[in-house]
Amino acid sequence: MSTLDENLAKAQTYLDGYRESGVENLIDGQSLPASSGDTFETISPVDLKPLASVAQGTAADIDRAAKAATKAFPAWAAMPGKERKAILHRIADAIVERAEEIAFLESLDTGQSIRFMAKAALRGAENFRFFADQAPGARDGKTLHGPNQMNFTTRKPIGPVGVITPWNTPFMLSTWKIAPALAAGCTVVHKPAEFSPITARLLADIAHEAGLPPGVWNVVNGLGEDAGRALTEHPDIKAISFVGESRTGQMIMAQGAPTLKRVHFELGGKNPCIVFADADLERALDAAVFMIYSLNGERCTSSSRLLVEESIYDDFTAKVAARAGNIKVGHPLDPDTVVGPLIHPTHEEKVLSYFDVAREEGATIATGGAKADDAPGGGCYVQPTLFTGARNDMRIAQEEIFGPVLTAIPFKDEADALALANDVDYGLSAYLWTSDVTRSLRFADALDVGMIWVNSENIRHLPSPFGGTKASGIGRDGGDYSFDFYMETKNVAIATSDHKIPKLGG
Ligand code: NAD
């Protein structure tokens with residue numbers, strides 16, 4: 001296995017090109033600075049030093065990109081699905097070939113540890129392969145019989161679409177949103193998160209080198225309230241696929257209203273992990289710890305509320321605390337690191353502020369609860385933390401902290417567990433641990449969330465629907481659900497008899 005020093009040396013080589021020429025926009029196949037000439041810096045979460053300067057696009061750049069996507073749309077939409085499939089597979093092949101480069105740049109820009117980012121690159125390739133294979137059938141519809149009528153439906157791509165992504169796992173999320181759009185026949189303008197823009201540009205470059213025609217996929221960097229806002233307001237952009245915070249989703253919905261934008265939202269979560277005393281507790285422990293302390297806890301589906309049956313609460317939370325205290329916090333390129341630095345000082349400050357909130361609310365900090373001061377570079381490191389003795393009405397149980405911070409709450413019985421699980425604004429996912437099959441079915445049926453894993457951590461199955469209820473989102477991704485969003489369904493009704501037509505005026 002490589003050492004930190006070897007990884008750092010390789011990562012610097014991969015970063016060199018971006019240091020020299022910066023991260024430009026990619027519009028109509030051309031690498032361009034922002035039309036204003038402005039740039040901003042993306043910084044390393046390890047030591048807060050600049051990694052690269054980034055084009056700060058504005059409404060003018062979004063307009064140029066939207067026009068390129070509009071021009072490229074008819075040919076891309078008309079291309080036979082088999083040909084689109086071949087191009088998307090070539091993109092997947094190229095992602096696999098450059099998996100190391102992607103993983104290292106993603107780790108440097110986000111602070112996510114290399115042990116998880118290596119897999120994120122390969123998952124990105126899988127997303128392209130999966131939707132590549134769906135491309136030839138994307139336009140297919142249904143046949144629906146009426147008494148005097150035969151109906152058939154077809155689908156067609158909705159047009160140029162906007163994709164807006166967050167900073168937590170930018171590469172994987174970009175592939176997850178963009179691969180189905182391209183497979184459906186849409187063209188794309190992508191606005192990546194300003195905190196971690198590097199791999200979004202690398203991904204688009206890979207796609208063009210793999211043969212994607214110019215204008216089909218455009219990338220415009222910039223600030224959310226500026227470039228992001230302009231994308232959501234642009235009249236040529238037919239839909240916005242957004243992943244990010246719930247309150248940003250509210251703004252995007254309002255911004256898109258005048259142009260009647262179709263929206264797909266994957267937003268925040270405060271996901272319960274419910275552990276009954278009859279569960280396989282060793283497996284439940286592994287999964288609960290993994291789902292909050294992997295990916296720095298900066299994960300929409302993290303199990304950030306641990307609901308444990310009263311009779312095992314003390315013992316189970318003591319084991320979680322012991323595991324959390326053992327987790328290695330360190331440089332994201334160190335192969336032994338589990339928790340790396342959080343994305344940015346402003347986010348670190350938000351996460352750290354919840355330690356005071358927990359104290360004020362009367363919860364106990366069972367482990368962690370401070371900045372990890374001894375980690376290399378002195379950046380945004382936070383200790384893996386567990387709050388015990390918490391109640392569900394506390395802010396630490398209701399608000400998305402988005403860091404390696406877990407809030408554990410005891411429950412009395414099944415009814416109590418269900419009430420606590422559902423008593424939150426969010427409804428993204430839930431994890432249920434019990435060996436009682438009947439209970440698992442009853443409980444899953446009553447949970448108000450979009451995704452439930454029973455006796456399992458989050459394992460994605462690409463044809464299955466992904467998305468949340470309540471403040472966690474609108475719409476579903478995955479399999480055909482993605483095509484429902486990126487395509488318009490058209491119905492054709494054909495009379496199958498000389499049925500009676502009302503005669504007016506005759
Ligand atoms: P964010 O909402 O702050 O930013 C996301 C993106 O929106 C960025 O590209 C940003 O520039 C842009 N943006 C901001 N304001 C905008 C505006 N007014 N108009 C248009 N675009 C705008 O989110 P974040 O802090 O980058 O990411 C963390 C959040 O993402 C968490 O809440 C997390 O739960 C969520 N998330 C959800 C999922 C999911 O699948 N449900 C997955 C990953 C992350």
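## A buried glycine

Gly379 is buried, at a relative accessible area of 2%. Buried means under 20% relative accessible area, exposed over 50%, and partly exposed in between (1.4 Å probe, protein chains only). Gly379 sits in the loop that joins strand 14 (364-367) to strand 15 (385-388). Helices (H or I, at least four residues) and strands (E, at least two) are DSSP runs, numbered from the N terminus.

Contacts here exclude neighbours within four places in sequence, and for Gly379 they are Pro45, Val46, Leu48, Glu348 and Lys371. Contact means heavy atoms within 4.5 Å. His331 is 48 residues from Gly379 in sequence, with 9.5 Å between the two C-alpha atoms.

## Basis of the model

This is a predicted model, in which local features need pLDDT of at least 70, side-chain atom pairs count only at pLDDT 80 or more, and totals for chains, interfaces and linings use all residues. Residues are numbered from 1 along each chain as its sequence is written, and side-chain values use heavy atoms, with hydrogens and water left out.

## Two domains

The protein chain is assigned domain 1 (4-267 + 472-490) and domain 2 (272-454). These bounds come from an automatic or database domain assignment. Taken over C-alpha atoms, the centres of domain 1 and domain 2 are 30 Å apart.

## The interface

Val46, Trp167 and Ser472 supply 23% of the area that domain 1 buries against domain 2, more than any other three residues. Buried area is the accessible area (1.4 Å probe) that two parts lose on being put together, summed over both. In contact terms, 30 residues of domain 1 meet 34 residues of domain 2.

Polar contacts do occur: twelve residue pairs, both at pLDDT 80 or more. A polar contact is a pair of N or O atoms within 3.5 Å; within protein, one must be able to donate a hydrogen and the other to accept it, and residues adjacent in sequence count only if both atoms are side-chain atoms.

## The domain 1 side

Helix 1 (4-21), helix 4 (99-110) and helix 5 (114-134) are the elements that give two or more residues to the side of domain 1 that touches domain 2. Helix 4 has the largest share, five residues. By class, this side divides into 15 nonpolar, eleven polar and four charged residues. Ala, Val, Leu, Ile, Met, Phe, Trp, Tyr, Cys and Pro count as nonpolar, Asp, Glu, Lys and Arg as charged, and the others, Gly among them, as polar.

## Positive phi in two loops

Asp28 has a positive phi of about 55 degrees, although Asp28 is not a glycine. Its loop runs between strand 1 (25-27) and strand 2 (30-32). Asp28 is partly exposed, at 27% relative accessibility.

Leu48, also not a glycine, has a positive phi near 65 degrees. Leu48 lies in the loop between strand 3 (39-43) and strand 4 (50-55). At 39% relative accessibility, Leu48 is partly exposed. Leu48 is one of the contacts of Gly379.

## Glu310

Glu310 belongs to helix 11 (residues 310-326). Glu310 is partly exposed, with a relative accessible area of 47%. Beyond neighbours within four places in sequence, Glu310 contacts Pro410, Phe411 and Lys412. Val275 is 35 residues from Glu310 along the chain, and their C-alpha atoms are separated by 9.9 Å.
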